[in-house]
Amino acid sequence: MNLQAETLNLTLRNSVRSVHDWEKVEWNPNEVAVVICDMWDSHHSVTAVRRVNEFAPRLNEVIKSLRGSGVTIIHSPSDCMPSYKDHDARKRALTVPVASDLPKEISSWCHRIPEEEKASYPIDQSDGGEDEDEFENNQWAERLKAEGRNPGTPWLRQTPVLEVSDKDFVASEGDVVWNILRHKKIKHVILTGVHTNMCVLGRPFGLRQMVRSGMDTVLLRDGTDVMYNPKKWPYVSHFTGLDLVIRHIEENVCSTIRSDQIIGGQPFRFTHDKRPHLVIVSSSERVLNWKGFAGHFFDADFRVDYVESDTGKGMNDIRYADCLLLADDIKAGRVNELVQAHVAAAKPVIGTGKVCIGAKNDVFGISEVSNEKGAQKIKWIQGKAKHPLTLGFKNNEWSVEGASDSLVTDEGVVPLFHGKIDSNGSTQLLAWSFARTDGGRSCATVLSFPESSNDSDFQRFLFNAVRWATGELISKQLPLDPDLRRSNEGWVVRGNFHTSRSLEPKHWDLRTLIRVPDPLPNIKRSFKWESIPGSVIYINGAQLKENKPGHWLIPSKLLKSGDLNLVVVRVSKPDPFKSLPTIFSTKGSFELDTKHWQERHSDDAIDPNFPIPPQFGAPTDLIQEWPQRK
């Protein structure tokens, strides 16, 4: 099915401070190209292969539709060009005239653009992102060997599921792709394929390079996957890892679109992505507070989006929510309409603070009256303490300070927790569930966010609430703070180290990545860090020789130009940054910035390498640029 005629009518999605925003555009198909990144016929991760095979058929339908509209199709399976040397689409790509405006470094990976400079990279992908277990990984490697493939790089060509027309182009070189774009007078590029956090972002034809070169670029967000292992920070679902990277792209790189805008139907969703969709409606000033809270208690099992209750930004996400969490008074009328439609569909709602009292008594079953004579006194109902929402509580009482207005409850309210108000022993209802007349589930607490966000009982109640409301399993233990867990298990951005260790570790390791943008002359260099004499320093896995205290020699061929260079240091001093690490040569010096470092406390032997090449696993906040020579 082809929904497009002479124009491509698309809705671009961006994210600002984690809240989605949409913009409608009309593109001339003859000015649009699709670049299909690394949709290989095999991969070293068997789970990655399964997911590619799952979304490739729909992607092929998208490509066929766009091709029929006049869109230029460029197939870019990196490392596979020899397999296409006799294909007309490859020959066509190589005969395209060289563009007069080839961008500098168009043939190199692009690891970060200026817009990402202040952003924190959202996932740890430094282990390569394989999410299958060791047994299955080994079994898959043996199968690849039996097929005559290299288990580390088993791809030979693009997956046969994606049809390559003779009208298409086959090219994975940045300059060749750019030549095609210029020759075809392309103004807009749609990137699709795998993997979003590695190749789609970083390849010479990837998102960053296109944006940096001035091309209007979007990502097909349901035509991609991510290399992320849920056993790594932030310890969330694989599919939440994908969402976090897409949000990073929408905030710092480019907009995204969905396949249903092109071929109709439902957007693609992986079969194993069973996460309920939770939408948190809060004031704009509290969204980022909620994002931190959700990262700890919701992200592992839910798809979480945010709506600003005062501005209405992000409100379209309410249409697709499985559950709403209402945290602040709604001042945008259209948001209220969408919330009412959600309630009318008997979908679950959770409330916090005053938003769950009064006007929404049909949703939460509670209204308030003044403290005048005749006000109803709410009593704790002990017999309901075994409600699923009370799982994990040591007792059924929260204590709060200060008096509150009396509350009137509907007959569908099940009181769950109360708090002592004053020395008289009078109590206030704090949390309850409510059987709505429409059959939907509701629960709420009068405690508000972020005032109570550090209260362990408040955290437990909301952790239980989103799972009870959506029918998910409620675990007995709350998850460990992901940042604390990361501190105990791996590398942490310097300055963000948290530890629960009772004993100090033996060693303190540091690492950074230096990108060298241009060719390096064959000259002598030294690494100078006078505040850490006697420490052990590695560059690209090779240990440097300390020729005098605080000075190490760098072999002339050790640094890689146009690529990332990994520096790993086991320090012998508690404050190594009293003097800045500096690389000296006869051509000048280069000070390493203190902000682009990770640290790890360890009792183990030092590991001077990434598990995979840094160009695939490096987070943006670990990379610093070697200054261009004048």
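**Strand pairing, a buried strand and a buried arginine**

Strand β23 and strand β24 (residues 551–554) run antiparallel and are joined by three bridges; two strands count as paired if DSSP finds at least two bridges between them. Glu 546 lies opposite Trp 552 of β24. Helices (H or I, at least four residues) and strands (E, at least two) are DSSP runs, numbered from the N terminus. The model is predicted, so local features need pLDDT of at least 70 and side-chain atom pairs pLDDT 80 or more, while totals for chains, interfaces and linings use all residues. Residues are numbered from 1 along each chain as its sequence is written, and side-chain values use heavy atoms, with hydrogens and water left out.

β23 and β24 belong to an open sheet of five strands, ordered β23-β24-β20-β26-β27, with antiparallel pairing. Because β23 (545–548) and β27 (588–591) stand at the edges with a single partner strand each, one side of each has no neighbour in the sheet. On average, neighbouring strands of this sheet are turned by 30° against each other, direction ignored; the axes are lines fitted to C-alpha atoms.

Strand β9 (residues 277–282) has six of its six residues buried and is therefore largely enclosed by the rest of the structure. Buried means under 20% relative accessible area, exposed over 50%, and partly exposed in between (1.4 Å probe, protein chains only). His 277, Val 279 and Val 281 are buried on one side of β9, and Leu 278, Ile 280 and Ser 282 on the other.

β9 pairs in the parallel sense with β10 (residues 303–308) over six bridges, and Tyr 306 of β10 is the bridge partner of Ile 280. A parallel pairing over four bridges also links β9 to β11 (residues 323–326), where Leu 326 is the bridge partner of Val 281.

Helix α9 (residues 287–297) forms a right-handed β-α-β unit with β9 and β10: with the strands pointing away from the viewer, the path from the first strand over the helix to the second runs clockwise. Val 287, Trp 290, Phe 293, Ala 294 and Phe 297 are buried in α9. Seen down the axis of α9, these residues fall within an arc of 120°, so they line one face of the helix; the arc is that of the directions from the helix axis to the C-beta atoms.

Arg 436 lies in the loop between β16 (427–435) and β17 (441–445). Is this residue, Arg 436, buried or exposed? Arg 436 counts as buried because its relative accessibility is 5%. Its side chain reaches the backbone oxygen of Lys 347 at 2.8 Å.

Note on methods
A polar contact is a pair of N or O atoms within 3.5 Å; within protein, one must be able to donate a hydrogen and the other to accept it, and residues adjacent in sequence count only if both atoms are side-chain atoms. Axes are lines fitted to C-alpha atoms, for helices over the stretch in contact, and angles run from 0 to 180 degrees between N-to-C directions.
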